[in-house]
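Let's take a friendly walk through a protein model. Have a look at the picture first, and then we will go through it step by step.

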Amino acid sequence: MPKEPKKPSSKKPQGPIQSVKGMRDILPDEMRFLERIRKAFLNIAVSYGFEGIETPILEDTDLFVRGVGKATDVVQKQMFSFRTKGGDPVTMRPEYTAGVVRAYYENGMFNLPQPLKLWYWGPVFRYERPQAGRHRQFHQLGAEIIGEINAVLDAQLIQFFTIMLKELGITAYTVEINSLGCKVCRSGYRQAVVNYFRPDIRKMCPDCKRRLKESPLRVFECDKEKCREIAEKAPQTVDHLCQECHSHFKEVLEYLDEIDIPYHLNPKLVRGLDYYTKTVFEIWPEDQAGYALGGGGRYDNLVEMLGEKMAPAVGFSAGIERLAGELKKIGAPIVKDKDIPTVFLAQLGELGRKKSLKLFEELRRAGFRVMESFGRNSIKSQLKIANREETGIALILGQKEALDGTIIVRDMTAGTQETVPLSKLINELQKRFALTETNKSA
Ligand code: AMP
C-alpha cells in the first residue's frame, strides 16, 4: 500500500499562491503543439478503427495495487492516494490501462464484438521528483486492443505509434523491443535472474535489494552505476521464453520487418508495471536513451486479474508533454489560429455594438475567426489592434451602418474600404479570402 502522506505544515508563508509542486500550467504556445498532436493521434486512431474512452481520474486504490502491482515503483512511491470523506481509499490514476480494463469488465464490454479497440487522452498523476520531462501531473494518449492475442496487433500498435511520429515530423527515434514471456516462462527466468544477482547483492543499492526480493526483473530499471554494471551480463529473457512466447515474439518481429519498422532488441527492457506479458516496447529519441516518448506491450492476464474473465490485450501510451518537447526540439512549425481566415470586427456607438454580437456569431458559423475589442469605443484604437493582430480585413459597424443594414469592409493592407449590404457580407468575404489564397499560392 502507498505510504500515508506527511501532515502539512501549519506555518504557510503568505503571498501570491503558486501552482502545486510538480504541477504546471500549459500555456497557449505549448497548447498549439498539444492540439497538433491530438489531431495527428485522432486521425490515425479513427482510421485504424479505434473508439474513444474516458475513465474517471479517481479510482479505487486497490485497482492499481492489484493491477499495476504492489511492488512497482508506481504503487510504492508515486501514487496520489487519499481517503474520501466517507473513508474510501482512492487514487488519482497514475496510468490509464488498469482503469480501461476495469471499465471493460464493469460495463460488460466483453459482450461486444472482439477485439475492442479503444483510444484515450487525458491527465495522469505520479508523485515523482519533478525535473525536465517528468511532472506530477502530465498527459497521456494511448490505445488498447482487448480480446485478441495475435501478434499482428502488437505490430499494428507499434505501427500506429511510429506513423503518429512520422505525421508529426519526428523521425529521430528508436523502437526498443523485448519479450517478457508469460506466467509459465517468466518464473524460470525470474529464478535465473535471482541466482545471477545473489552473489553480488551486498554491492547493490537498497532499492535493488528490495526489488530482488519482491520483483527481481525490476533490477534492470535501476539507474545506479554499480547496479547497472552488475546487470551487464545478466541472463536475457529471450533465452528463457517458452515455445509459444518465442513464436509469438518472432511473429511480432516478422510483422515489423514486413512494414519496414526498424527496431532494437533490448533484453533489459522490462517496463515498470507488473501486468506486462510477452511483447514490451518503448520509443526513445535517438539522442536520449531511456527517455521514453511512450511505451507499451501485451498484458494478457490483467483482464482476468481484475475481472475474472480471460481476455488477452495489448496497448501503448505516450507522454504528451514529451512529444510536445520533441516538436519544439525539431522546430516544428506551429499552425497559428491566424491561418484560419480572420477578420477584425470594429464597432462604433451603442447600436453598432448591439448588432455586432449577432454578426460575430454569423461570421463564426460561416467559418471565420473573428477578433474584436468590444470594450473600446474609438475606431482608431480598434483598428490599431487589427493592425497589431495582422488581420487583413477589418469590418466597421457604426451607428449609420447599423441603421442602413450595411457594413464597411476595410482592406488593412491597401488602406481602402467600401460599404457593402450586411446581407452580402459573407459572400464578399468569401470572395476576398479566396482571392488572397490564390495570391498566396501564385
Ligand atoms: P509509462 O506508463 O511509465 O511507460 O509512461 C508512459 C509514458 O508517459 C512515458 O513513456 C513518458 O513519455 C510519459 N511519462 C511517464 N512519466 C512521466 C512524468 N512523470 N512526466 C511526464 N511524462 C511522463
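## Domains

Into which domains is the protein chain divided? The chain splits into domain 1, made of residues 28–182 + 242–329, and domain 2, made of residues 342–437. Keep in mind that this is a predicted model. Between the C-alpha centres of domain 1 and domain 2 there are 48 Å.

## Overall shape

The C-alpha trace of the protein chain spans about 90 × 60 × 45 Å along its principal axes. Its radius of gyration is 28 Å, whereas a compact globule of 442 residues would have one near 22 Å.

In the protein chain you can find 15 helices and 16 strands. Among the contacts with a separation of 6 or more, 69% are between residues 24 or more positions apart.

Of the 442 residues in the protein chain, 47% are buried. The chain exposes about 23,700 Å², and carbon and sulfur atoms supply 52% of that area.

What about charge? The protein chain carries 67 positive and 58 negative side chains. The centres of these two sets lie 7 Å apart.

## A closer look at Phe433

Now let's pick one residue. Phe433 sits in helix H15, which covers residues 425–441. Is Phe433 buried or exposed? Phe433 counts as buried because its relative accessibility is 17%, and the cut-off for buried is under 20%.

Leaving aside neighbours within four places in sequence, Phe433 is in contact with Pro341, Thr342, Val343, Phe368 and Ile393. Asp29 is 404 residues away from Phe433 along the chain, and their C-alpha atoms are separated by 26 Å.

Key: Residues numbered from 1 in each chain as written. Predicted model: local features only at pLDDT ≥ 70, side-chain atom pairs only at ≥ 80, totals over all residues. Heavy atoms only, no water. Helix = DSSP H or I, 4+ residues; strand = E, 2+ residues; numbered from the N terminus. Rg over C-alpha atoms; globule rule 2.2 N^0.38 Å. Buried < 20%, exposed > 50% of the residue type's maximum accessible area, 1.4 Å probe, protein only. Contact = heavy atoms within 4.5 Å. Areas by Shrake-Rupley, 256 points an atom, 1.4 Å probe, with all protein chains shown as cover. Lys, Arg positive; Asp, Glu negative; His and termini not counted. Charge placed at Lys NZ, Arg CZ, Asp CG, Glu CD. Domains from an automatic or database assignment.
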